[in-house]
Amino acid sequence: MLSLGSFKTGAILLSGLFVYDIFWVFFTPVMVSVAKSFDSPIKIAACPFSMLGLGDIVIPVIFVALALRYDVSRGKESNYFKSAFLGYTVGLVCTIVVMNWFQAAQLALLYIVP
């Protein structure tokens with residue numbers, strides 16, 4: 001099972017992946033060409049212009065799961081999980097809308113991480 005030890009580790013991981021995504025999506029043609037030509041279950045194509053990779057879905061969800069684990073460990077009603085899940089959902093919807101609006105590759109972490 002994959003889990004994060006702390007929010008600090010999760011924030012560092014998401015920040016690093018954010019910078020990694022910016023470089024590979026906007027400054028090189030590698031990610032877009034691989035996403036369009038590579039046919040496997042690690043990409044999710046909802047529409048022709050909406051390609052989400054496994055890293056865009058799984059890594060942020062691990063951080064959301066950490067928020068749930070923290071809420072459960074506190075034992076009382078806490079809103080970390082609810083706000084993290086809502087933010088992730090809104091970010092994912094924004095990503096899909098922008099990809100379809102501009103009909104071009106966008107990095108999902110640009111909308112999910114903040």
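This is a predicted model: local features need pLDDT of at least 70, side-chain atom pairs count only at pLDDT 80 or more; totals for chains, interfaces and linings use all residues.
Q: In what order do the elements of the protein run from the N terminus on?
A: Residues are numbered from 1 along each chain as its sequence is written, and side-chain values use heavy atoms, with hydrogens and water left out. The protein has five helices and two strands, these being DSSP runs numbered from the N terminus (helices are H or I with at least four residues, strands are E with at least two). From the N terminus on, they run α-α-β-β-α-α-α.

Q: How far apart are the end C-alpha atoms of helix H3?
A: The expected span of a helix is 1.5 Å times one less than its number of residues. H3 covers residues 54-74, so its 21 residues should span 30 Å. The model agrees with that, putting the end C-alpha atoms at 30 Å.

Q: What does H4 reach from its first C-alpha to its last?
A: H4 has 23 residues, and at 1.5 Å a residue the expected figure is 33 Å. The model comes close to that, with a reach of 33 Å.

Q: Are H3 and H4 roughly parallel or roughly antiparallel?
A: Their axes come within 8 Å and cross at roughly 165°; such axes are lines fitted to C-alpha atoms, for helices over the stretch in contact, with angles from 0 to 180 degrees between N-to-C directions. H3's side of the contact (heavy atoms within 4.5 Å) includes Asp56, Ile57, Pro60 and Val64, and H4's side is Tyr80, Phe81, Ala84, Phe85 and Tyr88. As for the labels, angles under 35 degrees count as roughly parallel, over 145 as roughly antiparallel, 65 to 115 as roughly perpendicular and the rest as oblique. H3 and H4 are therefore roughly antiparallel.

Q: How do the axes of H1 and H3 cross, and at what angle?
A: In this pair, H1 residues including Phe7, Gly10 and Leu14 meet H3 residues including Ile59, Phe63 and Tyr70. H1 covers residues 7-26, and its axis and that of H3 come within 11 Å, crossing at roughly 165°. That makes H1, relative to H3, roughly antiparallel.

Q: Is Thr95 buried or exposed?
A: Thr95 sits in helix H4. Leaving aside its neighbours within four places in sequence, Thr95 is in contact with Leu52, Ala108, Tyr111 and Ile112. Buried means under 20% relative accessible area, exposed over 50%, and partly exposed in between (1.4 Å probe, protein chains only). With 0% relative accessibility, Thr95 counts as buried.

Q: How does Cys94 count by its relative accessibility?
A: Cys94 also has its place in helix H4. At 36% relative accessibility, Cys94 counts as partly exposed.

Q: How far apart in space are the C-alpha atoms of Leu66 and Phe7?
A: Leu66 lies in helix H3 and counts as buried, at 7% relative accessibility. Beyond its neighbours within four places in sequence, Leu66 is in contact with Leu4, Ser6 and Phe7. Leu66 and Phe7 are 59 residues apart in sequence, yet their C-alpha atoms are apart in space by 7.5 Å.

Q: Which residues is Phe18 in contact with, leaving aside its neighbours within four places in sequence?
A: Phe18 lies in helix H1 and is partly exposed, with a relative accessible area of 21%. From Phe18 to Leu110 is 92 residues in sequence but 6.8 Å in space, C-alpha to C-alpha. Phe18's contacts are Leu107, Leu109, Leu110 and Val113.

Q: What percentage of the residues of the protein count as buried?
A: H4 contributes Tyr88, Gly91, Leu92, Thr95, Val98 and Met99, while the buried residues in H3 include Pro60, Phe63 and Ala67. Of the 114 residues of the protein, the buried share is 25%.
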